[in-house]
Amino acid sequence: MLPLGATVAGARYAVLGLARTGLATVAALIAAGADVVAWDDKAEARDQGAALGADIADLMNIDLAGFTGLLVSPGVPINVHPLARRARQSKVPILGDIELFALARPSLPPHKVVGITGTNGKSTTTSLIAHLVEAGGMQARLGGNIGLPILAQAPLPAGGVYVLELSSYQIDLTHSLACDVAVLTNITPDHLDRYDGDFLAYAASKQRLFGMQHADQIAVIATDDDRCRAIASHVTHRLLRVSAKDVVPAEQAAWPALQGPHNAQNVACALAVARALGIDDAHIAKGLATYPGLSHRMERIAEIGGVLYVNDSKATNAEAAAPALAAYPPAVDGRPRIHWIVGGLAKVEGVGECDAWLGHVARAYLIGDAAPMLARVLGDRVPHAVSGTLDTAVAAARVHAQAGDVVLLSPAAASFDQFRDFEARGDAFRAIVTGLWEQGQVHE
């Protein structure tokens, strides 16, 4: 795990939330000699925290005065949680695991940090940057909102690059992360429940990443939308403006896992970072050609009976789902090919940017809490069925799909109504599709 340095030894921390990130935080703090009191509403999570050496106590029932900090997992809605108010009253800083990483940096071997935020595309951009770093002969470590929590990972040797995907929640809980290169992909309305419906407050959270940088560090901002352009206009240190238009379509065609206009923007951001880190064009070209893509993002699971099954569970809002719908146009005879599995915990009313691509959809299968709303929105524009659950949706799509069609899980909604996270949702889809193949329910 990542060493937190001597300053943590003997300090007392409260940790709220014992999912993957919270448990990694507890483990790192205790290994560094801190005293940890932790809590989670789930008994199983509390047991895991206790096994790591944390004292387990309901933090609402203890005096927070004297604690060095309250460490909060990103998934905890700190804007409405009563413990946040108590921490502020006790003048206890509210922090996240990324802030602990920032505080530990002086004790780590010399390194660089690239931080990537934005509404859509940040996972692909983050993993692509890490891939380009390794293609350039340096060691990279993925962390933040992707892969293993950064505190659970071993430190890099000198010259390594930490590549961190940063959600707005993580940035809210960070106060001193000065990224050598900070990246903003785009901003569209998302997670507004955490910002009292205030889009500008959500955007301001993203903007904080650049405010923590030093004068000699680099900001990379894709200026394809108005809000990103506004944020770029306030950057006073070195700024690299990029755009999806910077990427030549003929060149993009040679990068199998980076197709589509949305990936052009991801590539533009990653190219700017790679060049800022000193990676030469030859290694960049090799990296783009060999990038394997992400799980749960337009991931081809199987082709069964001539029907392609695609896992795009990472599309948790309409803006993220629209590129997947755009990627599969109608057949040459004009017949729509997509059997769209959509729904979950809706973030907004309607289908947003997906509306422009409904002509690609042969039939929609509606799941989760959003199903009734989606049925109203789609009306008679798209044939649809309220499937309710993912397994029911896949079974129905299998019946209706023809050779050449695509069964696409691109939910345009969060997963928390039925799954732990979008990864669990995508894994369930993969297991269902694999089961179709292995059980011989469908034959080539």
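Q: What makes Cys-179 count as buried?
A: Its relative accessible area is 0%, and buried means under 20% (exposed is over 50%, partly exposed in between, with a 1.4 Å probe and protein chains only). So Cys-179 is buried. This is a predicted model, where local features need pLDDT of at least 70 and side-chain atom pairs count only at pLDDT 80 or more, while totals for chains, interfaces and linings use all residues. Residues are numbered from 1 along each chain as its sequence is written, and side-chain values use heavy atoms, with hydrogens and water left out.

Q: How do you know that Cys-179 is in no disulfide?
A: A disulfide is a pair of cysteine sulfur atoms within 2.5 Å. The nearest cysteine sulfur to Cys-179 belongs to Cys-269, 14 Å away. The structure as a whole holds 0 disulfides.

Q: What about Cys-354: what rules out a bond there?
A: Its sulfur sits 20 Å from the closest cysteine sulfur, in Cys-228, and that is too far for a bond. Cys-354 is also buried, at 0% relative accessible area.

Q: Why is H10 called largely enclosed by the rest of the structure?
A: Because 13 of its 16 residues are buried. H10 covers residues 261-276; helices here are DSSP runs (H or I, at least four residues; strands are E, at least two), numbered from the N terminus.

Q: How does the reach of H10 compare with the expected span?
A: From first C-alpha to last, H10 reaches 23 Å, close to the 22 Å expected. The expected span is 1.5 Å times one less than the number of residues. After H10 comes Gly-278, with a positive phi near 90°.

Q: What does H10 give to the second largest pocket?
A: The most to its lining, with 3 residues. Strand E12 (299-304) and helix H12 (318-326) each supply at least two. The pocket holds about 430 Å³ of space, and of its 21 lining residues, the closest to the centre are Pro-256, Ala-257, Gln-259, Arg-297 and Met-298.

Q: What makes a set of grid points a pocket, and a residue part of its lining?
A: On a 1 Å grid over the protein atoms alone, a pocket is an open set with protein on both sides within 12 Å along at least five of seven lines, and lining residues have an atom within 4 Å of a point. Volume is the space filled by probe spheres set on the points, which are joined across faces, edges and corners.

Q: How far apart are the centres of domain 1 and domain 3?
A: 38 Å, taken over C-alpha atoms. The domain assignment puts domain 1 at 6-95 and domain 3 at 299-442; such bounds come from an automatic or database assignment.

How values were computed: 1 Å grid on protein atoms, 1.4 Å probe; cavity = no way out; pocket = protein on both sides within 12 Å on 5 of 7 lines; lining within 4 Å.
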